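Subject: Handing over a structure

Dear colleague,

I am passing a structure on to you, together with an account of what was found in it. Please look through the model first and then read the notes below alongside it.

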Amino acid sequence: MDRIDRGILAILQKDSTVPVAEIGKRVGLSTTPCWRRIQKMEEDGVIKQRVAVLDPALVGAGVSVFISISTNQHSKEWLTRFAEVISEFPEVVSFYRMSGQVDYLLKVVVPDIAAYDKFYKKLIAKIDISDVSSSFAMEEIKNTSTLPLDYMELAKSQS
């Protein structure tokens, strides 16, 4: 990874539809070497996927709910089962195993509180959990898929 790769990633994070020729021009490469770098970053897993970021309100998912879950089940088998259950719910857009007092944190998007209640009832019918606490986002102030690139390790000769 070098400064050119960082530049390519910065461009793709903002708009993955920018043509390769334009990306190359911006970072000082011709099209073919730029394309090779992008392919290599995809093969290496640095670029996981290229997606369209949708407006939640315009697709009927304007309510964000953060769900803190605690359980007295801490076996590998239970976690595997829990992950399988969560994967069945398209409403769950983020799922984390946490340190501290909360075991798991979910971000769920739904159209309204009634839809959340329906989601909640389906969830607790499928898996045993000890404690669930839900917080509804009142306003989204920042939400981005853009990662900071300043922490990337650059090749020693490029630093």
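At 30% relative accessibility, S75 counts as partly exposed, where buried means under 20% relative accessible area, exposed over 50%, and partly exposed in between, with a 1.4 Å probe and protein chains only. The side chain of S75 reaches the backbone nitrogen of W78 at 3.0 Å; a polar contact of this kind is a pair of N or O atoms within 3.5 Å, where within protein one must be able to donate a hydrogen and the other to accept it, and residues adjacent in sequence count only if both atoms are side-chain atoms.

Before going further, please note that this is a predicted model, in which local features need pLDDT of at least 70 and side-chain atom pairs count only at pLDDT 80 or more, while totals for chains, interfaces and linings use all residues. Residues are numbered from 1 along each chain as its sequence is written, and side-chain values use heavy atoms, with hydrogens and water left out.

W78 and F82 both lie in helix α4, four residues apart, about one turn of the helix, and both W78 and F82 are buried. Their rings form a stacked aromatic pair, with 4.8 Å from centre to centre and 25 degrees between the planes; rings of Phe, Tyr and Trp (its six-membered ring) pair if their centres lie within 6.5 Å, and planes under 30 degrees apart count as stacked, over 60 as edge-to-face and the rest as tilted. For Y116 and F136, the ring centres are 5.4 Å apart and the planes stand at 85 degrees, so this pair is edge-to-face. The pair links distant parts of the chain, since Y116 belongs to helix α5 and F136 to strand β4, 20 residues apart. Y116 is buried, with a relative accessible area of 7%, whereas F136 is partly exposed at 32%. Both belong to one aromatic cluster formed by F89, Y116, F119, Y120 and F136.

Turning to the sheet, four strands form an open sheet in the order β2-β3-β1-β4, with antiparallel pairing (two strands pair if DSSP finds at least two bridges between them). Because β2 (92-97) and β4 (131-136) stand at the edges, each with a single partner strand, one side of each is left without a neighbour in the sheet. Seven bridges join β1 (residues 63-70) to β3 (residues 104-110), and in β3 the bridge partner of I67 is L106. Six bridges join β1 to β4, where F66 stands opposite S135.

Finally, helix α1 (residues 3-14) has twelve residues, and its buried residues are D5, R6, I8, L9, I11 and L12. These pack against α2 (20-27) and α3 (31-43), contact being heavy atoms within 4.5 Å. D5, buried at 10% relative accessibility, is in contact with R37 and M41, leaving aside its neighbours within four places in sequence. At the start of α1, a side-chain oxygen of D2 reaches to within 3.0 Å of the backbone nitrogen of I4.

Key: Helix = DSSP H or I, 4+ residues; strand = E, 2+ residues; numbered from the N terminus. Expected span 1.5 Å × (residues − 1).
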